[in-house]
Amino acid sequence: YRNGSNVLPQYENARAFGADIILVRFIENCPSDGFDEITFKKELDVLLRYLDCTQKARVVITTGFWRHPGDNALRAYAKENGLPLVELGDLGEDDTMKAIGLFAHEGVANHPGDLGMQMIAQRCAEQLLPLI
């Protein structure tokens with residue numbers, strides 16, 4: 001997120017697609033050390049305006065599967081912009097939602113398993129389906 005506008009050209013194909021609905025699901029891939037909420041919200045806004053150049057897409061925001069300092073920035077951005085928010089952080093605290101025991105690598109095993117992915121999809125669908 002700190003690279004902001006410098007990376008927008010990487011999303012040209014997504015922009016050209018002209019999505020009707022944009023689901024924001026990426027906070028898990030943002031560094032948590034030294035997280036800068038002001039910069040994050042500013043750059044999120046730049047990204048969404050870039051992706052939705054007509055400002056007609058419906059946007060749904062999610063928090064992270066694992067609790068992240070950026071979750072509060074996402075909540076604030078959603079509230080400030082009147083956007084629906086899907087809370088997911090509780091799922092990452094429940095081992096039954098993870099792929100524990102399926103992978104030797106601990107990092108991989110702590111990612112969502114089938115049930116976790118199902119719950120993420122279900123919660124997102126609750127917000128997305130009314131938009132269709």
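The questions below take the labels in turn.

Student: What kind of model is this?
Tutor: This is a predicted model.

Student: Why is Glu-106 called exposed?
Tutor: Its relative accessible area is 62%. Exposed means over 50%. Therefore Glu-106 counts as exposed.

Student: Where is Glu-106 in the fold?
Tutor: Glu-106 belongs to helix α4, which covers residues 106-109. Glu-106 and Ile-21 are 85 residues apart in sequence. In space they are 34 Å apart, C-alpha to C-alpha.

Student: Why is Gln-55 called partly exposed?
Tutor: The relative accessible area of Gln-55 is 45%. Buried means under 20% and exposed means over 50%, with partly exposed in between. Gln-55 therefore falls in the class in between.

Student: What makes the backbone of Gln-55 worth a remark, and where does Gln-55 lie?
Tutor: Gln-55 has a positive phi of about 60°, although it is not a glycine. Gln-55 sits in the loop between α2 and β2.

Student: Which residues make the contact between α2 and α3?
Tutor: From α2 come Glu-37, Phe-40, Lys-41, Leu-44, Asp-45 and Leu-48. They meet Asn-72, Ala-73, Leu-74, Ala-76, Tyr-77 and Glu-80 in α3. By class, the contact of α2 with α3 has 7 nonpolar, 1 polar and 4 charged residues.

Student: Which residues touch the most other members of the largest nonpolar core?
Tutor: Ile-22, Val-24, Phe-40, Leu-44, Leu-48 and Ile-61 do, in a core of 19 residues. β1, α2, β2 and α3 each supply at least two residues of this core. α2 gives the most, with 6 residues.

Student: What does Ile-22 touch?
Tutor: Leaving out residues up to four places away in sequence, Ile-22 touches Leu-48, Leu-51, Asp-52, Ala-57, Arg-58, Val-59 and Val-60.

Student: How many residues are in the second core?
Tutor: This separate core has 11 residues, including Phe-65, Met-97, Ile-120 and Leu-128.

Methods: Residues are numbered from 1 along each chain as its sequence is written. This is a predicted model: local features need pLDDT of at least 70, side-chain atom pairs count only at pLDDT 80 or more; totals for chains, interfaces and linings use all residues. Side-chain values use heavy atoms; hydrogens and water are left out. Helices (H or I, at least four residues) and strands (E, at least two) are DSSP runs, numbered from the N terminus. Buried means under 20% relative accessible area, exposed over 50%, partly exposed in between (1.4 Å probe, protein chains only). A nonpolar core is a set of buried Ala, Val, Leu, Ile, Met, Phe, Trp, Tyr and Cys residues joined through side-chain atoms within 4.5 Å. Contact means heavy atoms within 4.5 Å. Ala, Val, Leu, Ile, Met, Phe, Trp, Tyr, Cys and Pro count as nonpolar, Asp, Glu, Lys and Arg as charged, and the others, Gly among them, as polar.
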